[in-house]
Amino acid sequence: MNEIHAYLIKNYLTISTIESCTSGLLANKLTSFSESSKFFKGSIIAYNDQIKEQLLNIDKKLIKKYTAVSKEVAIQMAISGIN
């Protein structure tokens, strides 16, 4: 992680996360070093399906068809974070 931090700071890049099953583990790792506020903007932990639907606009039908922890839903979560 130290290399990631250095790269982000050096290149004036920022990052944010949307997590589910990891319950914020990635955000925790990213912010475990000093100066992480220079690149880390924040995180959404969408553990509950209702949060995925309402906050991230994931279609309820997609969750029902593939399950909340599927690749298909994860891709939609990532796309919602870009928009």
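**Surface, fold and cores**

Author: The protein chain has an accessible surface of about 6,000 Å², and carbon and sulfur atoms account for 55% of it. Accessible areas come from the Shrake-Rupley method with a 1.4 Å probe; for residues, only the protein chains shown count as cover. This is a predicted model, in which local features need pLDDT of at least 70 and side-chain atom pairs count only at pLDDT 80 or more, while totals for chains, interfaces and linings use all residues. Residues are numbered from 1 along each chain as its sequence is written, and side-chain values use heavy atoms, with hydrogens and water left out.

Reader: Which elements does the protein chain have, and in what order do they run?

Author: Helices (H or I, at least four residues) and strands (E, at least two) are DSSP runs, numbered from the N terminus. The protein chain has 5 helices and 2 strands, in the order α-β-α-β-α-α-α from the N terminus on. Its C-alpha trace spans about 40 × 20 × 20 Å along the principal axes.

Reader: Which residues make up the largest nonpolar core?

Author: A nonpolar core is a set of buried Ala, Val, Leu, Ile, Met, Phe, Trp, Tyr and Cys residues joined through side-chain atoms within 4.5 Å. Buried means under 20% relative accessible area, exposed over 50%, and partly exposed in between (1.4 Å probe, protein chains only). Here the largest nonpolar core has 7 residues: Ala46, Leu56, Ile58, Ile63, Ala68, Val73 and Met77. Apart from it lies another core of 5 residues, including Leu8, Ala27, Leu30 and Phe39. Buried residues are 24% of the 83 residues in the protein chain.

Reader: Which residues form a nonpolar patch on the surface?

Author: Like charges are joined within 9 Å, and nonpolar side chains (Val, Leu, Ile, Met, Phe, Trp, Tyr) within 5 Å. In this model, Met1, Ile4, Leu26 and Phe33 form such a nonpolar patch, with about 310 Å² of accessible area together. Phe33 is found in the loop between helix 2 (25–30) and strand 2 (40–45), and is partly exposed at 32% relative accessible area.

Reader: How many salt bridges does the structure hold?

Author: Side chains of opposite charge can pair when their charged atoms come close. The structure holds 1 salt bridge, in which the side chains of Glu35 and Lys38 meet (3.1 Å, N to O). Glu35 is partly exposed, with a relative accessible area of 44%, whereas Lys38 is exposed at 51%.

Definitions and conventions:
Patches are made of residues with over 30% relative accessible area and no salt bridge: like charges are joined within 9 Å, nonpolar side chains (Val, Leu, Ile, Met, Phe, Trp, Tyr) within 5 Å. A salt bridge is a side-chain nitrogen of Lys or Arg within 4 Å of a carboxyl oxygen of Asp or Glu.
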